[in-house]
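Colleague: I want to know what stands behind each label in this model. Take me through the definitions and the values.

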Amino acid sequence: MKPLSKLLAGACLLASMQAFADDAKTDIQPLTGLKAEAASRIDNMRKDTQVIIDKLFSFSELGFQEFETQKYLTALLQEKGFTIETGVSGMPSAWWATWSNGEGPVIALGSDVDGIPKSSQKPGVAWKEPLIEGAPGHGEGHNSGQAVNIVAAIAVKELMERENIKGTLVIWPGIAEELVAAKAYFARDGRFKDVNAAIFTHVSSNMAVAWGPTRGTGLVSVEYTFDGIAAHGAGDPWKGRSALDAVELMNVAWNFRREHLHPLQRSHYVIVDGGDQPNVVPSKASVWYFIREITAKNIRENFNTLQRIAEGAAMMTDTTMSRRIIGAAWPRHFNKPIALAMAENIKSVGLPKWTEDDQKYAVALQELMQAEEKDGLATEVRGIMEPPEKPVSGGSDDIGDVSWSVPTVTLRFPSNVKGLQGHHWSSAMAMATPIAHKGATAGSKVVAATVIDMLTKPDLLDEAWTYFKDEQLKDITYEPFISATDKPAIEKNEAIMALYKEQLKKFYYDETKYDSYLEQLGVDYPALKKPE
């Protein structure tokens, strides 16, 4: 038995913790006024959110081939009064949607739309089951962000019309983000020249926004092609000049160079063309590199090193070399005043009310993927994320180029389960379930509330631009990694989508017949145990 003094101390501790929790709750101010009205409208559009998410999930389109997504979303937005432009920046699958209520702030809402190769997965089940073996899927959850933005924009648009609030709403897609291959072209081509602020949205397992230099890297994505001379591999190989030899020598040299690069760098490559067959000396070969670093200066230095290595490989093999920039991303830097305003709206909106089924499903996925923590869905918002004390390496996103063109923030909204593997079929499992739908609805409320802040509080945009000019751009000049003559690699993923398109069509979600995509697939959510 514990001593009475210890029991009393424990009781006091519990009481103080409860009091602290109660105080914390009183600090949370619910949305009021137009923000509350927008949130109510978004709740009333939960069905629209669900349909958009499920439709895009079923399309499962890869970067530069997002044509079903384009057709569906632009038709929806046009019906709501937006003016549509397609083929933006030379990308056939890109589009821009604009609605204006007169001269005022121009707010751009963006989110990615492309999927991941070989990540096809039936949603709502707790085991691996591709809808189509080898096909693409939404293993990054990019099927959810446009629902967040579009529903928020419609709610805000209705209030702007009623209250005669001046301003313009722009909705745009992150095309081919998994190739990091579009936003730098949008920035280069002046798509954000007249925009006052940009809100980007990205799926996560919690609700958060960051300011300042964020975790992760920028990059240059570049493909090198070597041209040699073909010859019989056994009859007269001395007459040949192997382009594949050049690729292999380039890769070996880069791998040796890694030892002398900063630990924060990340670099990876795939050989996209290694010849045709072993008995023919390859006359053409190509290798595709991602060169990542924390700063733009270091990215350029490493890219220049790679260029010299490629030139050396061509010299060693008597081949010729050419290169093509596939994509690029500046390191991200997000706007502090807008992030702080958004963080207050995150507090007010909070996380969705998860059901017992949602939590069971999340834990089942975490157990399946052997996650470090198997505690289900988040129940406390993460909120504001300040710049890391020390740089942290990791992934890249070409929203970085947008963030150096206009004051920008990214809202991370809770439509997926933490502890799953990125760029993997497991990250698609929850992305057409109530988890994704509820998380997007919550995210939509935050976006709408923040847009209303920017439309009705002129000081916020003034502060955002002061930070952008006086802090962010103080010692750095933004110069895109792409040139004025570089063109988007719009042929990427064309062959893969041609291979699977007809099979995928059989799985497109038909919202006129089924209440949800899970119903169409015959999934009794949550399906936790695979049938024998």
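Modeller: Start with residue classes: Ala, Val, Leu, Ile, Met, Phe, Trp, Tyr, Cys and Pro count as nonpolar, Asp, Glu, Lys and Arg as charged, and the others, Gly among them, as polar. By that scheme the lining of the second largest pocket has 13 nonpolar, 7 polar and 12 charged residues. This is a predicted model, in which local features need pLDDT of at least 70, side-chain atom pairs count only at pLDDT 80 or more, and totals for chains, interfaces and linings use all residues. Residues are numbered from 1 along each chain as its sequence is written, and side-chain values use heavy atoms, without hydrogens and water.

Colleague: What makes a space a pocket, and what makes it a cavity?

Modeller: Both come from a 1 Å grid over the protein atoms alone. In a cavity, a 1.4 Å probe fits but cannot get out. A pocket is an open set with protein on both sides within 12 Å along at least five of seven lines. Lining residues have an atom within 4 Å of a point.

Colleague: How much space lies in the second largest pocket, and which residues lie nearest its centre?

Modeller: About 950 Å³. Its lining counts 32 residues, with Val349, Gly350, Leu351, Pro352 and Lys353 nearest the centre. Helices H1 (4-27), H3 (46-59), H9 (336-349), H12 (434-456) and H15 (517-521) each give two or more residues. H12 supplies the largest share, 6 residues. Helices here are DSSP runs (H or I, at least four residues), strands likewise (E, at least two), numbered from the N terminus.

Colleague: How many cavities are there, and what lines the largest?

Modeller: There are 3 cavities of 30 Å³ or more. Phe57, Ser60, Ser120, Gln121, Leu131, Pro136, Gly137 and Leu504 line it. That is 4 nonpolar, 4 polar and no charged.

Colleague: Where does pLDDT stay under 50?

Modeller: Over residues 1-26, with 1 contact (heavy atoms within 4.5 Å) beyond four places in sequence. pLDDT is the predictor's confidence in each residue, from 0 to 100. Where it is low, the predicted coordinates should not be read in detail. The protein's mean is 95, and 95% of its residues reach 70 or more.

Notes:
Points joined across faces, edges and corners; volume = space filled by probe spheres on them.
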